Amino acid sequence: MPDHHDAHPYGRSVHDVRRRTLREARHRRMRITQLIVFSALIILLVGAVAVAVNLVRSPQPAPPAAATPSAASTCPAAGAVPAPPAEVTVTVLNGTSTRGLAGDVTAELAERGYATGKAGNAQSADAPAAVIYGSGGYLAAASVAAQIDGAVLVPGDAEGAEGAEVTLVIGADWPGLRAPEAATAALAEPVAVPEGCAS
């Protein structure tokens, strides 16, 4: 008669049951390992996409905080007129929600003879048009302001743009550029004396 010493109650030998149990345990461990690996890959992928989207949407830094340059570097000579457009470099930043506005204004200013920097975005804008200038850049800023009704001149950080390099920040209620004839006439008028300068 067959020996049933190692027989399992359900008709299988103890060895068969043990092998099946070990095989199922290996399969469970493999499935758990695969699940962990796939989960980690998905988390990494989602994180990479989030970083990429954040980089694309992040606006450029806001223009330098307003400061007061020394009178010697800011005050124009008596009767001085704005700098000629060809001597001025202007970078336009868009502080509005209108896409492409900085690029359009940059192109218009280039047509009027200004050298231009790379258009970008500003985190905020406190005026419809603010022209920020650094050390020695008052006449350059006045030149850009001559192109815009109601533009505000803002002295910037002395470590920022210097000389003929200025930044135009566009805000809500942007009026657009003046007609070329009006802007040309404004460029021929003596500049206003900044506050703190001797008249």
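**Exercise 1.** In which helix does valine 37 lie?

*Solution.* Valine 37 belongs to helix H1; helices are DSSP runs of H or I with at least four residues, strands are runs of E with at least two, and both are numbered from the N terminus. The model is predicted, so local features need pLDDT of at least 70 and side-chain atom pairs count only at pLDDT 80 or more, while totals for chains, interfaces and linings use all residues. Residues are numbered from 1 along each chain as its sequence is written, and side-chain values use heavy atoms, with hydrogens and water left out.

**Exercise 2.** Classify valine 37 and arginine 23 by accessibility.

*Solution.* Buried means under 20% relative accessible area, exposed over 50%, and partly exposed in between (1.4 Å probe, protein chains only). Valine 37 has 41% relative accessibility, so valine 37 is partly exposed. Arginine 23, in helix H1 (residues 14-57), has 40% and is therefore also partly exposed.

**Exercise 3.** Which residues of helix H5 are buried, and which are exposed?

*Solution.* Step one: Ala183, Ala186 and Leu187 are buried in H5 (residues 180-187). Step two: these residues lie on the same side of H5, because their arc around the axis is only 100°, taken from the directions from the helix axis to the C-beta atoms. Step three: Glu181 and Thr184 are exposed on the other side of H5.

**Exercise 4.** Describe the backbone and setting of aspartate 173.

*Solution.* Aspartate 173 is not a glycine, yet its phi is positive, about 65°. Aspartate 173 sits in the loop between strand E6 (165-170) and H5. With a relative accessible area of 70%, aspartate 173 is exposed.
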